[in-house]
Amino acid sequence: MKRIALLTSGGDAPGMNACIRAVVRTGIHLDMEVSGILNGYNGMIHGDFVPLKSDSVSNIIQRGGTILRTARSMEFFDREGREKAFKNLQKNKIDGLVVIGGNGTFTGARIFIEEFGTPMVGIPGTIDNDLFGTDYTIGYDTAVNTVMEAVDKIRDTADSHSRLFFVEVMGRDAGFIALRSGIAAGAEDILVPETHTSIDELIQILEHGFRKNKKSGIIIVAEGDDAGGALEVAAKVKEKYQFYDTRVTILGHIQRGGSPTANDRILAGTLGYAAVNALAEGETGVMIGVINKNITYTPFEKAIKHHKNIRSDLLKMARILSS
Ligand code: F6P
């Protein structure tokens with residue numbers, strides 16, 4: 001393995017740059033030449049390859065986003081696009097690829113390996129933490145901290161006005177961001193797609209809080225919850241329970257930006273280092289993860305298909321602690 005290439009794909013996540021730095025410098029340490037591919041799989045199709053040296057990745061460990069840029073590539077879904085991408089890999093004499101991303105990225109990688117046999121390893125980079133085969137994905141911890149800080153601020157105004165806030169957080173169809181940020185911010189309830197949401201039960205929680213003299217409340221709603229987004233849930237609650245003056249905040253893409261936390265930088269470095277070593281040792285078709293502090297290899301198929309369980313005992317704990 002003399003020449004490797006690296007790309008980031010799908011939604012950007014804080015810590016991707018720290019991971020790019022780790023991949024580049026580990027590759028150089030192993031006497032490899034490293035190329036960056038710009039704009040995810042689109043760049044592979046259009047031949048956007050750039051050489052990456054040690055100083056190309058200086059001073060990026062602390063930066064959010066991705067210096068390689070990213071995309072959700074539609075062209076890579078077509079065989080024709082993938083053939084062009086393979087020709088570009090051959091033209092640039094690439095022996096192996098490191099892809100940083102989430103579900104879509106690894107789905108593409110799996111098909112590409114099947115069709116062309118290029119050795120590829122994946123690194124989980126998504127704020128959603130929705131990949132099987134790793135305790136945490138790069139960007140998740142930063143997103144959770146961003147939500148926590150935002151909710152702390154919302155609580156100041158909620159408390160001052162005696163209001164009930166419904167705060168919608170990202171996660172696509174997974175409730176990990178909601179669960180952890182909700183515990184950290186002391187939310188009165190956390191609604192996640194993995195469990196059925198009962199509006200009546202939510203109202204009971206609010207009434208219980210009111211009886212205990214709570215002046216305000218914060219309900220975290222994960223996008224993808226079965227009762228709807230924060231606007232919909234707020235309307236459903238309001239229909240049956242008018243006590244509180246309610247407001248809705250949708251945090252949106254603020255959750256994807258910002259300087260990565262120490263946890264995300266360390267995870268990114270650890271996974272980047274492990275991924276290049278895995279490629280060098282002949283691994284392919286696997287996502288590199290960390291489970292209980294140990295490096296693990298999970299086949300792409302398993303990483304994307306299995307849904308990591310949300311811990312319902314933690315949902316229960318969050319309710320008790322905020323009651
Ligand atoms: O996968 C990351 C994520 O931010 C999800 O939480 C969210 O559902 C989605 O991407 C938003 O995608 P986009 O930025 O393409 O609108």
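Phe 116 counts as buried, because its relative accessibility is 18% (buried means under 20% relative accessible area, exposed over 50% and partly exposed in between, with a 1.4 Å probe and protein chains only). The model is a predicted one, in which local features need pLDDT of at least 70, side-chain atom pairs count only at pLDDT 80 or more, and totals for chains, interfaces and linings use all residues. Residues are numbered from 1 along each chain as its sequence is written, and side-chain values use heavy atoms, with hydrogens and water left out.

The rings of Phe 112 and Phe 116 form a tilted pair, because their centres are 4.9 Å apart and their planes lie at 45° (rings of Phe, Tyr and Trp, the last by its six-membered ring, pair if their centres lie within 6.5 Å; planes under 30 degrees apart count as stacked, over 60 as edge-to-face and the rest as tilted). About one helical turn separates these two residues, because they are four residues apart in helix α4 (helices are DSSP runs of H or I with at least four residues, strands runs of E with at least two, numbered from the N terminus). Phe 112 has 0% relative accessibility and therefore counts as buried.

Across the whole structure, a search finds 10 aromatic pairs. One of them is the stacked pair of Phe 86 and Phe 116, at 4.6 Å centre to centre with 15° between the planes. Because Phe 86 belongs to helix α3 (residues 79-91) and Phe 116 to helix α4 (residues 103-116), this pair ties together parts that are 30 residues apart in sequence. Tyr 41, Phe 76, Phe 86, Phe 112 and Phe 116 make up one aromatic cluster.
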